[in-house]
Amino acid sequence: MKEKLDGIKLAALEMIENAETTAQLNDVRVKYLGKSGEISAIMRDMAKVPKEERPKIGMLVNEMRGVVENALEAKAQLLARIEEERKLKEEEIDVTMPAHGKKIGTLHPLTLIRRELIEIFANMGFSVDEGPEIESDIFNFQLLNIPKDHPSRDMQDTFYVNENFLLRTQTSAMQARIMQSQKPPIRVVVPGKVYRSDDDASHSPIFNQFEGLAIDRHITMGDLQGCLQTFAQKIFSKDTKVRLRPSYFPFTEPSVEVDVTCSVCHGKGCRVCKGTGWVEILGAGIVNPAVLDMCGIDSKEYSGFAFGFGIDRIAMIKYGIPNIKLLYENDMRFLKQFN
Ligand code: DAH
């Protein structure tokens, strides 16, 4: 019996020694100590051992079982440590490896220009307002001194929603809204989208305008000129000059068109300014007293100036963008250049 026990012990110890994984070791455990394992079978067979020998054999079996259990436990700990180490090694992170570059988006050129414009006019004391893109005929035209049959409506090819509502053709529509709801002194700029049925390299059916309105006592054309001079020098360059030419808009009287010296050739003449040294950038004027009165501001007490220009046009001039469509196509190759 003792030899049989020793044989089992040696075989078990050898299998434990040879086990290379926790799973293999578990198989060994089951083979010897499991319910139908070899050692368990011997314990069951104890009944067949003669009574006198039982204590001695029982001790031997217990001792053998203890040795196997201890060996299993020791090997289990060893394997656990080895497996843990292998896992750590596999999952090791090399913090000195160069990182994957992150791609960060860019602000759209129109956003860049709009923010710059707001900053420039905020520094001159203007606040910022916004208005609806679906506008009533009243604000877009009538209160700006453009009645239903007025010929200047032909200047702007309007998208009508119905007889009385339209997609605003000009941020000037906000002039009337502001004058009706605020008391002078007023200094406000309005950036926003406008719509016209117009489509070529320099016109898009949707584009962005920037409107300015200042109303107070004793406002003159000189104030307008000084304001626009400052704006032009800030948005283009310090040496930019401004030129006012007489023009016509129904809501300003007198009206002017404003040119700036070409920011590409600085007045020498180039392709952008078509050789003239000047580029036209905006319409402006002294707010027509008829408009003030229609909007509830006493034209005998107050006067004002207004101006409006295309943010797209400023962006095109400043960044040398040849076609307005580039601003609305969201082509990554174009947008990336503003990083
Ligand atoms: N709203 C005009 C346009 O879209 C531009 C303009 C002209 C705005 C004169 C003004 C202004 O405020 O006084 O063509």
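I take contact to mean heavy atoms within 4.5 Å. The model I am reading is a predicted one.

**Entry 1: Thr158**

I looked up Thr158 and found it in the loop between helix H6 (137-140) and strand S3 (165-167). Is Thr158 buried or exposed? I have it as buried, because its relative accessible area is 18% and the cut-off for buried is under 20%. Leaving aside neighbours within four places in sequence, I listed Phe141, Leu166, Leu167 and Thr169 as the residues in contact with Thr158.

**Entry 2: Gly285**

Next I went to Gly285, which lies in strand S8 (residues 278-287). Gly285 is buried, and its relative accessible area is 0%. Which residues does Gly285 touch, not counting those up to four places away in sequence? I noted Leu224, Thr252, Pro254, Ser255 and Val256, and also Gly304, Phe305 and Ala306. I also checked Gly285 against Pro147: the two are 138 residues apart along the chain, and their C-alpha atoms are separated by 19 Å.

**Entry 3: the whole chain**

I then stepped back to the protein chain, which has 11 helices and 9 strands. Its radius of gyration is 44 Å, while the globule rule gives 20 Å for 339 residues, so the chain is more spread out than a compact globule. Along the principal axes, the C-alpha atoms fill a box of roughly 135 × 45 × 35 Å. How much of the chain is made up of buried residues? I have 41% of the 339 residues. I looked at contacts with a separation of 6 or more, and residues 24 or more positions apart account for 66% of them.

**Entry 4: H1 with H4**

I started on the helix pairs with helix H1 (residues 2-18) and helix H4 (residues 54-90), whose axes come within 10 Å and cross at roughly 5°. Angles under 35 degrees count as roughly parallel, so H1 is roughly parallel to H4. On the H1 side I noted Lys2, Leu5, Ile8, Lys9, Ala12, Leu13, Ile16 and Glu17. On the H4 side the contact is made by Leu60, Val61, Met64, Val67, Val68, Ala71, Leu72 and Lys75. Sorted by class, the residues of this contact are 12 nonpolar, no polar and 4 charged.

**Entry 5: H1 with H2**

I stayed with H1 and turned to helix H2 (residues 22-33); the pair packs at an angle of about 165°, with axes 9 Å apart. The cut-off for roughly antiparallel is over 145 degrees, and H1 and H2 are therefore roughly antiparallel to each other. The crossing of H1 past H2 is left-handed. H1 brings Ile8, Ala11, Ala12, Met15, Ile16 and Asn18 to the contact, and H2 brings Gln24, Leu25, Val28, Lys31 and Tyr32. I sorted the contact of H1 with H2 into 8 nonpolar, 2 polar and 1 charged residues.

**Entry 6: H5 with H8**

Last, I looked up helix H5 (residues 109-122) and helix H8 (residues 221-235). The angle between H5 and H8 is about 140°, and their axes are 10 Å apart. How is H5 set relative to H8? That angle makes H5 oblique to H8. I have the crossing of H5 past H8 as right-handed. Glu116, Leu117, Ile120 and Phe121 of H5 meet Cys227, Phe231, Lys234 and Ile235 of H8. By class, I wrote down 6 nonpolar, no polar and 2 charged residues for the contact of H5 with H8.

Terms used: Residues are numbered from 1 along each chain as its sequence is written. This is a predicted model: local features need pLDDT of at least 70, side-chain atom pairs count only at pLDDT 80 or more; totals for chains, interfaces and linings use all residues. Side-chain values use heavy atoms; hydrogens and water are left out. Axes are lines fitted to C-alpha atoms, for helices over the stretch in contact, and angles run from 0 to 180 degrees between N-to-C directions. Helices (H or I, at least four residues) and strands (E, at least two) are DSSP runs, numbered from the N terminus. Angles under 35 degrees count as roughly parallel, over 145 as roughly antiparallel, 65 to 115 as roughly perpendicular and the rest as oblique. A crossing is left-handed if the near helix is turned anticlockwise from the far one by less than a right angle, and right-handed if clockwise. Ala, Val, Leu, Ile, Met, Phe, Trp, Tyr, Cys and Pro count as nonpolar, Asp, Glu, Lys and Arg as charged, and the others, Gly among them, as polar. The radius of gyration is taken over C-alpha atoms; the globule rule is 2.2 Å times the number of residues to the power 0.38. Buried means under 20% relative accessible area, exposed over 50%, partly exposed in between (1.4 Å probe, protein chains only).
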